[in-house]
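User: Could you take a close look at one part of this model, and work through its backbone and its burial in some detail? Please give the cut-off behind each term when you first use it.

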Amino acid sequence: MTIAPWIAALNAAVASSYPAETAALFDPGGFWRDFLALDWTLQTVEGAEEIGAFAARQGPGAGFKAVSLATDPGASEGFISFETTLGRGRGYVRLKDGRCLTLLTALEELKGHEEPLRQRRRTGLYDDPHGRNWKERLETKTDAYAEGAAPYVLIVGGGQAGLALGARLEMLGVPYLIVDKHPRVGDQWRSRYKALTLHDPVWYDHLPYMPFPDFWPVFTPKDKMGDWLESYAHALELAVWTRTECTGARYDADSGTWTVELDRDGTPITLRPAQLVMAVGNAGFPRTPQIEGQAEFTGPQMHSSQFTSGEAYAGKRVIVVGGNNSAHDIAADLVQNGAAPVLIQRSPTLIVRMTTMTDVLLKPVFSQDAVDRGISTDLADLLLASNPLRLQEVNSRRTWDQIRQDEAPFYKALADTGFLVGFGADGAGLMAYQRAASGYYIDVGACQMVMDGRIALRSGKGIARILPGGMELEGGEVLEADAIVYATGFGSMEEWVARLIDPATAERVGRCWGYGSGTPGDPGPWQGELRNMWKPTAQPGLWFMGGNLAQGRFYSGLLGLQLKARFEGIAA
């Protein structure tokens, strides 16, 4: 069976109330990854029997009808479009021996609430009762909130995730406000260490509605990224309060609203939104290990989040504790500024060469080659989402087995220095990002510095204690140091809930990020999707928006639709 007749059979099966009809269309180990098409959440249903039960439960009355978009009538996989009673969307199907191995259905718009794009774009002409022009209206856009009016959605955090969601809500006509503690939009990037450059290529990093121009560099410097975000917020007319910090929030179940306390540049303000979105990144607070003797160290000590530049450390000895992205980037910056860094690597690290990222992992869908083959960013996002996490693990192990072979001389040279090269507990490589958002370094030059000795290395040894003039390692080796940088990561997102709301709510919501792979940093049970991300949580009215730029682009659309549906009374 090819896609078109299979889709026709699926339409009929979903409309029925018989689980066996849908189950018969799927491979016994098949997957249906449904993003809002039949249910108001993000979920992966695994196994033909479970898929049949899901379709029988959600399908009748949904008005689900899909069509194949494949140009080859004999194709066994390809894009689909669909509509339901409530909306329209697209997806992707893969058939195996006439039955479905994977199906993705992702809602993209609500009927009657389409975004004002292309043929539906606004005229730009206004009959303002107060005689204000565009500039004046923009300048007063958030004034009502300062006077006590309530946005329907309050987004805490104005980085790329918060801005992407704000852009979606702006297009959907949902009243919202973004608050951020920094003086300017984009300062989250400007305030990072001086040498930082995005580790993902430009084709992967586009924001919704306003992609980077064709002349944009492949890897974006952090200050350039900050300036782009500021321009983005202005161009999309986003409602943002900078210099505004959320100091607390509590939920009133009777009214279904939040009471959120803000400090806006020294002025206390209380808002009462219906929906509260935490867009504070995909991590919690900086983790700095407590080590005997730290108080006696005579030089500066800091977490990597406080490190800005190696310029002040020329000619100095600096210990960098850690072995992942920040540790390597900081050590390389220290070398470039004439310092002598020592990297303390306590556990194995996955190393992803930049050419591996651009020419192997992302090239099929996120590259200039992909664009030239007609794969737009929207299609690339659907292709990426079309593989459920269970299959992503299988594919990742296969891919990284091949990378280990192809890059064997590089990994051997690095290991010969004593560096602990790892590929994940189960060999799944960069699945480490979705599991724990740590454990890897995307190599932009530091590995060569390790191999040629410019970055000294101590690996596989714990820290015994801090001395006034350095550090003693387990086994007795003493390293002299003028400064210590702890590139030891961050806590989890639910820490923000405990601080801003209360510990009981944080415990009820549970872990954020990871999907229950059962590997270090991502305990089971299996979830099938990232925990609590971009979907309803155990706390009514509380949402999490985070991830890298690509995730922010794709999942902001799905979260925006969920919030719009609630605003319009379509979903509870």
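Analyst: Trp513 has a relative accessibility of 4% and therefore counts as buried, where buried means under 20% relative accessible area, exposed means over 50% and partly exposed lies in between, computed with a 1.4 Å probe on protein chains only. This is a predicted model, in which local features need pLDDT of at least 70 and side-chain atom pairs count only at pLDDT 80 or more, while totals for chains, interfaces and linings use all residues. Residues are numbered from 1 along each chain as its sequence is written, and side-chain values use heavy atoms, with hydrogens and water left out.

Trp513 sits in the loop between H18 and E24; helices (DSSP runs of H or I, at least four residues) and strands (E runs, at least two residues) are numbered from the N terminus. Although Trp513 is not a glycine, its phi is positive, near 75°. Asn532, also placed in the loop between H18 and E24, is another non-glycine residue with positive phi, here near 65°, and its relative accessible area of 11% is why it is buried as well. The loop between helix H18 (503-509) and strand E24 (542-544) also contains Pro525, which is joined to Gly524 by a cis peptide bond with omega of about 5°.

Turning to helix H19, a side-chain oxygen of Asn548 at its start comes within 3.2 Å of the backbone nitrogen of Ala550. For a polar contact, two N or O atoms must lie within 3.5 Å; within protein, one must be able to donate a hydrogen and the other to accept it, and residues adjacent in sequence count only if both atoms are side-chain atoms.

The 19 residues of H19 (residues 549-567) should span 27 Å at 1.5 Å a residue, and this agrees with the 26 Å between its end C-alpha atoms; the expected span is 1.5 Å times one less than the number of residues. Because 18 of its 19 residues are buried, H19 is largely enclosed by the rest of the structure. After H19 comes Gly569, with a positive phi near 80°.
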